[in-house]
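Hi there,

Here is the structure I promised to pass on. Have a look at it first, and then read on for my notes.

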Amino acid sequence: MTSRSPTSIFRSKLQMLRRASWILFSFLLILTCARLVWAAHAELLPDEAYYYLWAQHPNVCYYSNGPGIALSVLVGTSLLGRCELGVRLLSPFLALGTSLLLYFLARRLYRERIAFWLVVVLNLTPLFNFAACFLTPAPLSLFFWTAAMVCFSLAVQESPNRVPFWALTGFLIGCGFLCDYANAFQLISVLIFLITVTKHRREFRRPGVYVLFGIFCLFLASPIIWNMQHDWIGLVPLSSDIQPHKHLPARFSALFQFIGYQLAVCSPLFLIAMITALFGSIPRAFRSSKVAFLLSFSLPILLIGLIAIFEHLTQPSWVTLGFVSLSLLAVAWWLDVPPQNRILRIVAVVAVAIAGASSLLALGTDQLRIAGINLSYSSDPSASLHGWKTGAAEIERFRSAFEQKLGEPVFLIGNQYQTAAIVSFYLRDPRVDDPGHPPIYIPESQNIENEFSFWPRYDEFVEPADKSEINSLFSEQAGVNPFINRTALYITDSPEEAPPQNLQNSFTRWELVDHFQVNRRDEPLHQFRIFACYQYQTLPL
């Protein structure tokens, strides 16, 4: 029996690594192409259509978020036009970038095998696939969170000229902050790691950490400028959220709802694996800087999220940012558990299979109906992916017939911002009354609710071309309202018997003029009601 030389063993292992890398990269390439095809054919979510409207109203910042999501939509639609793929173009590529960054981080901290399975498992979970197929703040936030984490791992290594990595970390956290304000929690993770790991406390005597925070502070200019222009109205939702709910059953109900949601979007076995690794790794954090690093970027944001859920009954989506490092910790934990017995491998295969099947079902529950499982669309979360194009076409057909009968154009009002956004996106002729106006308004209100409150509205008074048109009896109204005496069509996808009271008060009369139902596979999907509201008069001040 001949023994192999060290050189041949090294070459053999190198070939295996290359083979595994090519398999993984091919998997990611095929998956990215599949996501692009899916994104091009699936209808938009109402929130995606809402962000498309943001892109049509560029601003330094927005009421509820930074400009990152609007810029991303603007890039895609500038390249491909007003279509589903144009809106979602960046999402599959952001998911690809996040996967490659995690692969690099896992290889750097552990080894090739852990990096390989981390990327595979993560790309099969419903949570990551959802972020990879839809353009919401989530894929942007996840990408910049991961990129900043990778860059920070390079910044704390013992090597010369590390200041550029500190600066780049601050830049990436700032970019993530402009996509989702929750990315600022990463600064807490940085401080916790530097404080808890003894050998890295000396970084506070070096310039790097201060460069990081200094560059991040530059990104605060965007929300500060916007709030200065709007009397600091952006702080109102923050102050209104600090009122605690004291009923203990409601708190536990919110907590259990959050846990149930995470079981669905993370795959049950994978979530259990992450929780087990989280608690099992805490004692090891005092002996391993790698474990301390990963826990620093997961445990703080998870605890903050749980406090927000328990105290304020919210369901913060940004909690999933903590799953980035926690997923790496879980894969490393379970692949290192001795012994690697047959039962554990079977459980791992089942976990991966369940995750992949859950992703397919999350993106299209019609497969269950094909299999004979009767699932009502009223209880199906994916129902919001279907029927909007058909509904918008019927609304547009009715508007044309109604205007022809009325003899004058009407303007449209949606019952909520999601309905207004998604219907306006799928109108073939999304006409606007004046530049800057949305194609469909929401009911007028004195409360600041969303971005529609900052765009031109039908209840606003504008400066007239002819100064003689100003009514001197209303000197507090500096202008005229061009919508006076016009007719509106109020569109709702809720079972309302009448328009809201503020619309009834601001129009002379109203009537239900049409109602229809959008079906899918002979099952009711959406119900629309259209009310004609005649002779707009504005609400009294």
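Before the rest, some ground rules. This is a predicted model, in which local features need pLDDT of at least 70 and side-chain atom pairs count only at pLDDT 80 or more, while totals for chains, interfaces and linings use all residues. Residues are numbered from 1 along each chain as its sequence is written, and side-chain values use heavy atoms, with hydrogens and water left out.

**The chain overall**

The protein chain has 23 helices and five strands; these are DSSP runs numbered from the N terminus (helices H or I, at least four residues; strands E, at least two). Of its 541 residues, 49% are buried, meaning under 20% relative accessible area with a 1.4 Å probe, protein chains only (exposed is over 50%, partly exposed in between). Among contacts (heavy atoms within 4.5 Å) with a separation of 6 or more, 72% join residues 24 or more positions apart.

**The helix pair**

Back to helix 8 (residues 137-155) and helix 10 (residues 185-196): their axes come within 11 Å and cross at roughly 25 degrees. Helix 8 is therefore roughly parallel to helix 10, since angles under 35 degrees count as such. The axes are lines fitted to C-alpha atoms over the stretch in contact, with angles from 0 to 180 degrees between N-to-C directions. On the helix 8 side, Phe 144, Trp 145, Ala 148, Met 149 and Phe 152 take part, meeting Phe 185, Gln 186, Ser 189, Val 190, Phe 193 and Leu 194 of helix 10.

**Two loop residues**

Leu 135 sits in the loop between helix 7 (126-133) and helix 8. Its relative accessibility is 0%, so Leu 135 counts as buried. Ser 91 is 44 residues away in sequence, yet the two C-alpha atoms are 5.6 Å apart. Beyond four places in sequence, the contacts of Leu 135 include Glu 48, Tyr 51, Ile 69 and Val 87.

His 437 is in the loop between helix 22 (417-426) and strand 2 (440-441). With a relative accessible area of 11%, His 437 is buried too. Its side chain makes a polar contact with the side chain of Tyr 441 at 2.7 Å (a pair of N or O atoms within 3.5 Å, one able to donate a hydrogen and the other to accept it). Further along the sequence in either direction, His 437 is in contact with residues including His 57, Pro 456 and Phe 483.

Best wishes

How values were computed
Angles under 35 degrees count as roughly parallel, over 145 as roughly antiparallel, 65 to 115 as roughly perpendicular and the rest as oblique.
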